[in-house]
Amino acid sequence: MVLRVGVVGGGQLARMMIAPAVELGVQLRVLAEEQGMSAALAATSVGDYRDAATVLAFAREVDVITFDHEHVPQDVLAALVDAGVAVRPGPAALGIAQDKLVMRARLSELGMPQPDWAAVRGTAELQAFLDAHEGRAVVKTPRGGYDGKGVRVVRAATEADDWFAALAEDARGGALLAEELVDFSRELAQQVARRPSGEVRVYPVVETVQRDGVCAEVIAPAPHAADRLRDVAAEVGIAIAEGLEVTGMLAVELFETTDERVLVNELAMRPHNSGHWTQDGAVTSQFEQHLRAVLDLPLGDTAPSAPWSVMVNILGGPAEDGLDARFAAAMAAHPTAKIHTYGKSPRPGRKVGHINVAGDHLDDIAYVARAAASHFSD
Ligand SMILES: Nc1ncnc2c1ncn2[C@@H]1O[C@H](COP(=O)(O)OP(=O)(O)O)[C@@H](O)[C@H]1O
Ligand SMILES: [Mg+2]
């Protein structure tokens, strides 16, 4: 019998599940927001993921529902569960990834290391937080942020006035998240896979480099990571996956502080940009692993298949011309580079693909990955 996975959301993460689905003999169906999205290569229907009837009709055609993004509303998720649909990750876990305030509160309950934080309902509360944190804070909108949109370093409480005003207009009301501005030496990410029957596997912790709030590069495994750092990151990842009963892939974004602590930044309950290196640098890619996990099949080996991997994102540049000529030039110049594309039209700053290079020498592969990516940035 052919197993069928339904992915809500038609972006590049759904797209990158297609190849492993074909290899595993899993039928992949996608509920896309509109025609012609990244995942249109799979069997795709188009519909509104906020509409319970639409998602229920989609779910009837598959054995399990999973996600390309975290935005499916809780009432829609509840309708799926009530109808007996297998939803992975489940509504409770997803609810934590949907709202950074809920996430901070749950991580506190689990005793996870994280930055000082507070829910702030207005300028006075933000000022009190600033006063307690040397006049600096990171303010975040709890919902809907990505790639640094919805994250702001502030030194005066008035710098969040526009966000407080927007909250006041929102019928649900609510608060902003204020966090201590962490003095980190670098950012890390821990990938964990967990299946409903409980099996858990961790990937090696990786280093991520953000530019302008957007992930630019990932190095796997994280260079100069002592055993202790690797163990702490893995323990935190497993504790979160188990504590929140995550099913599928979990990415835990981490800060490594200058005093050698590890703090949790945020969570994603799906394949994540920080795990794209696994496509060409690990025994089992995060996309194959996600399919195995949501189908409750045995998980694959997470070991790296080469000593080092580097992933560099390709962002849409100022040039509107087609990417095709650039792909050909990058391929010709760097035959060891694995070039992944998302079928998106290039807009400035938009992630349109990435490059993976794996090999024995970190300096060499980092050079090749960056050089190949540079074909797209000028
Ligand atoms: N408390 C913090 N202290 C210092 N830098 C932070 C903090 N929170 C976020 N950042 C920086 O902002 C980036 C984006 O924040 P994040 O919460 O991960 O938002 P997004 O959902 O946009 O990825 C992080 O990768 C990090 O570089
Ligand atoms: Mg982030």
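Buried means under 20% relative accessible area, exposed over 50% and partly exposed in between, with a 1.4 Å probe and protein chains only. The model is predicted: local features need pLDDT of at least 70, side-chain atom pairs count only at pLDDT 80 or more, and totals for chains, interfaces and linings use all residues. Side-chain values use heavy atoms, without hydrogens and water.

**View 1. Strand E6 and its two partners.** Strands (E) are DSSP runs of at least two residues and helices (H or I) of at least four, numbered from the N terminus. In E6 (residues 137-140), Ala137 and Val139 point one way. Val138 and Lys140 point the other way, and all are buried. E6 pairs with E7 (residues 151-154) in the antiparallel sense over four bridges; pairing takes at least two DSSP bridges. Ala137 stands opposite Val154 in E7. Three bridges join E6 to E8 (residues 176-179), again antiparallel. There, Val139 has Ala178 as its bridge partner.

**View 2. The magnesium ion (ligand 2).** Glu253 (OE), Glu253 (OE) and Glu266 (OE) coordinate the ion at 1.9 to 2.7 Å. Donors are N, O and S atoms within 2.8 Å of the metal (3.2 Å for Na, K and Ca); water is not among the atoms, so sites may look incomplete. Glu253 lies in strand E13 (residues 248-257) and Glu266 in strand E14 (residues 262-268), 13 residues apart. Glu253 is buried, at 17% relative accessible area.

**View 3. Helices H2 and H3.** Ala52, Val55, Leu56 and Ala59 in H2 (residues 52-59) meet Val76, Ala79 and Leu80 in H3 (residues 74-82). Contact means heavy atoms within 4.5 Å.

Notes
Residues are numbered from 1 along each chain as its sequence is written. Chains are lettered from A and ligands numbered from 1 in the order in which they are written. Axes are lines fitted to C-alpha atoms, for helices over the stretch in contact, and angles run from 0 to 180 degrees between N-to-C directions.
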